[in-house]
Amino acid sequence: MTMHKTVDVTVDAMIEDLRTLVEIESPSRDLDALVASAKAVAAVIESRLGGQAVLVESEAGPHLHWSAGDDPKVLILGHHDTVFPLGTLERRPFVIEDGHATGPGVFDMLGGLVQAVHGLATLDDLSGVEILVTADEEVGSRSSRALIEERALACGAVLVLEGAADGGALKTGRKGCGTFQVSIAGRASHAGLEPAAGVNALIEAAHQVLDIAALGRPDVGTTVTPTVASAGTLDNVVPAEATVIVDVRVESAGEKDRIESAFAALAPHLDEAEIAVQGAIGRPPMPESASAELFAVAKQLLPDLEGKAVGGGSDGNFTAALGVPTLDGLGAVGGGAHADHEYLVIEAMTERANLVAGLVNAIRVSRR
């Protein structure tokens, strides 16, 4: 698709679109909110780029796919769901102050979406460009993963619009990440009259927490962190049930296999206690080798750019695991993802929008 004319990136126009998206709250799993959000993102894309943004229905809410047509060469990848519940906007509205934009989702990752669209709008030719904006990234991308992988393989290069790393660095590597739930079944009894008749699930959980924490190997980038635990019903009852939730991050496929095998092999310490484990490392690691080619191009466009491997996961993990060149952290410069102090640096918006446009042009030239 050839556009009728190019336009310059203007901060005022980007802020206008960013305000529109932030003020339509889009918490993950809230289907009504996500429908409204997807339609708003589609309207921004269509008004700035032309064409039609297609809503792809899923059990997690609508994903959005836009294509300029012709042979696909580059996928712009993002998400429109946020971690903030409905009502956050009332408490923390969209505000421009002291060079920052604040409000739920400005950094993760509505700002990145807006910058990418406005960057693309500067190009007189959008052939080979696709945009995919998903509805469930913050909750694991279960409904969108197959679509992400399909379009990544079709396009052959992926630019991920997640927020930048500290100082505006691009994200050149990511750990694989996953969540495990360990459920423990014991047997209730009266804590005063016959405690020995019970099987204390809380004591078993304490053993398991220590065993699980010992699986970590920070020296090779593997962290295993018990994060949530629950047990018991009343203060005079031996607990019959307990659960432990564990966050896991790994840098290599070998560590992924080791950790998943270790969780599967967890064994009870107390006689008659039973253990069940659910979960996996759902996002594979994104090795820095996956971003090397595209990061080199980005450095040619902005020589002062830095790259950084980070612990958090994104949908770029899936595309990198397929062997598709993937560069992440191209979105907003700012910080405070998932926190009340989330912010976007306005001064950096134009440069990041132009960086996306420059990368798209360079990728298309290299793949002719």
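This is a predicted model: local features need pLDDT of at least 70, side-chain atom pairs count only at pLDDT 80 or more; totals for chains, interfaces and linings use all residues.
**Notebook: cores, strands and cysteines**

I started with the packing: the largest nonpolar core has 59 residues, and Ile-76 and Leu-159 touch the most other members. I then looked up which elements give two or more residues to this core, and got helix 1 (11–22), helix 2 (31–49), strand 2 (63–67), strand 3 (74–79), helix 4 (106–120), strand 6 (129–134), helix 8 (292–301) and helix 10 (349–366). Helix 4 gives the most, with 9 residues.

Leaving out residues up to four places away in sequence, Leu-159 touches Val-74, Leu-75, Ile-76 and Leu-77, then Leu-294, Leu-327 and Leu-330, and finally Val-356, Leu-359, Val-360 and Ile-363. I also found a second, separate core of 17 residues, with Phe-180, Ile-212, Ala-242 and Ile-281 included.

Then strands. Which strands pair with strand 9? I found strand 9 (residues 176–185) running antiparallel to strand 11 (residues 241–250) over 10 bridges. Strand 9 also pairs with strand 12 (residues 274–283), again antiparallel, over 8 bridges.

With Cys-177 already on the page, I checked cysteines. Is Cys-177 buried or exposed? Its relative accessibility is 12%, so I put it down as buried, since the cut-off is under 20%. Cys-155 comes out at 0%, so Cys-155 counts as buried too. How many disulfides does the structure hold? I got 0.

Last, the whole-protein numbers. I counted 10 helices and 16 strands. The C-alpha trace spans about 80 × 45 × 40 Å along its principal axes. I wondered how the radius of gyration sits against a compact globule.

For burial, I have 52% of the 368 residues as buried. The accessible surface comes to about 15800 Å², and carbon and sulfur atoms hold 52% of that area. I also looked at contact range: taking contacts between residues at least 6 apart in sequence, 80% join residues at least 24 apart. Leu-159 gives me a handy example to click through, with contacts to Val-74 and Ile-363 among them.

How values were computed
Residues are numbered from 1 along each chain as its sequence is written. Side-chain values use heavy atoms; hydrogens and water are left out. A disulfide is a pair of cysteine sulfur atoms within 2.5 Å. Buried means under 20% relative accessible area, exposed over 50%, partly exposed in between (1.4 Å probe, protein chains only). Two strands pair if DSSP finds at least two bridges between them. Helices (H or I, at least four residues) and strands (E, at least two) are DSSP runs, numbered from the N terminus. A nonpolar core is a set of buried Ala, Val, Leu, Ile, Met, Phe, Trp, Tyr and Cys residues joined through side-chain atoms within 4.5 Å. Contact means heavy atoms within 4.5 Å. The radius of gyration is taken over C-alpha atoms; the globule rule is 2.2 Å times the number of residues to the power 0.38. Accessible areas come from the Shrake-Rupley method with a 1.4 Å probe; for residues, only the protein chains shown count as cover.
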